Amino acid sequence: MSVSLHSATIRSYLQILASIDGLLDKAEAHCRENGLQDKALTEVRLAQDMWPFAKQVQQCAHHSAGAIEGVRAGVFRPHTDPVPTDFAALRAEIARATALLDAIEPEEMERLAGQNVRFEFGTRIMPFLGSDFLLSFSMPNFYFHASVAYAILRAQGLAIGKSNFIGQPVISA
């Protein structure tokens, strides 16, 4: 049996985005239970030269739904919108990405697989086929930012484990 691009990307994005949404719940609960403002976690970095938690979450939306939008348009660029500093705005970004991904049909993904797309960052241009962009650029970036978001919360003492990151895997019936 072959694996479709839809299964390899969309289903994986949705699985981890649901986990990110759950991490946002845990982060918000942690702040409320400890009398902290949202920024006490949204602005935390794993290392000084890394982006804060909120940007990591924002990048998960960008490297999933934003990547699909990029393939559709033929160009993908770095995300430049302001970074939210509260959990409600981060949840809204995850909800928007999830809704966009939920609406994608497998047939569209197969059409996008052979479409040309380029990553543009300043003067740097990297040309891809849609499938190569999604599997070799978008997904690694998506998982990187998701795992860093998880690691930031874990390093801040939240009681989360691997199952909070993996979420609900697709199992056979």
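Which hand, left or right, does the crossing have where α4 passes α6? Keep that in mind while you open the structure, which is a predicted model, and follow the stops below.

**First stop: α4 and α6**

Select residues 65-73, which form helix α4, together with residues 106-113, which form helix α6, and you will see two helices that pack at an angle of about 60°, with their axes 10 Å apart. That angle makes α4 oblique to α6. The opening question can now be settled, for α4 passes α6 in a left-handed crossing. To see what lies between the two helices, show the side chains of Ile68, Val71 and Arg72 in α4, which meet Glu108, Met109 and Leu112 in α6. Sorted by class, the residues of this contact of α4 with α6 are 4 nonpolar and 2 charged, with no polar ones.

**Second stop: α4 and α7**

The crossing of α4 and α7 is right-handed, whereas the crossing of α4 with α6 is left-handed.

Now select residues 53-62, helix α3, and residues 87-102, helix α5, which pack at an angle of about 15° with their axes 9 Å apart. With such an angle, α3 and α5 are therefore roughly parallel to each other. Their crossing is left-handed. On the α3 side the contact is made by Phe53, Ala54, Val57, Gln58 and Ala61, and on the α5 side by Phe87, Leu90, Glu93, Ile94 and Ala97. By class, the contact of α3 with α5 consists of 8 nonpolar residues, 1 polar residue and 1 charged residue.

Switch to the strands, where you will find an open sheet of 3 strands in the order β1-β2-β3, with mixed pairing. The edge strands, each of which pairs on one side only, are β1 at 75-76 and β3 at 124-129. Select β1 with strand β2, residues 116-121, and you will see that these two strands run parallel and are joined by 2 bridges. Then move across to the pairing of β2 with β3, where the strands run antiparallel and 6 bridges join them.

Which residue stands opposite Phe119 of β2 when you look towards Phe76? It is Phe76 itself that stands opposite Phe119, and in β3 the bridge partner of Phe119 is Met126. A further pair to pick out is Val117, whose bridge partner in β3 is Phe128. Between β2 and β3 the hairpin has 2 residues, and Gly122 in this hairpin takes a positive phi near 65°.

**Last stop: α1**

Finally, select residues 5-33, helix α1, which has 29 residues and reaches 42 Å from its first C-alpha to its last, close to the 42 Å expected at 1.5 Å a residue. After α1 comes Gly35, which has a positive phi near 65°.

Technical notes
Residues numbered from 1 in each chain as written. Predicted model: local features only at pLDDT ≥ 70, side-chain atom pairs only at ≥ 80, totals over all residues. Heavy atoms only, no water. Axes fitted to C-alpha atoms, helices over the stretch in contact; angles between N-to-C directions. Helix = DSSP H or I, 4+ residues; strand = E, 2+ residues; numbered from the N terminus. Parallel < 35°, antiparallel > 145°, perpendicular 65-115°, else oblique. Left-handed = near helix turned anticlockwise from the far one by under 90°. Contact = heavy atoms within 4.5 Å. Nonpolar A, V, L, I, M, F, W, Y, C, P; charged D, E, K, R; others polar. Pairing = 2+ DSSP bridges. Expected span 1.5 Å × (residues − 1).
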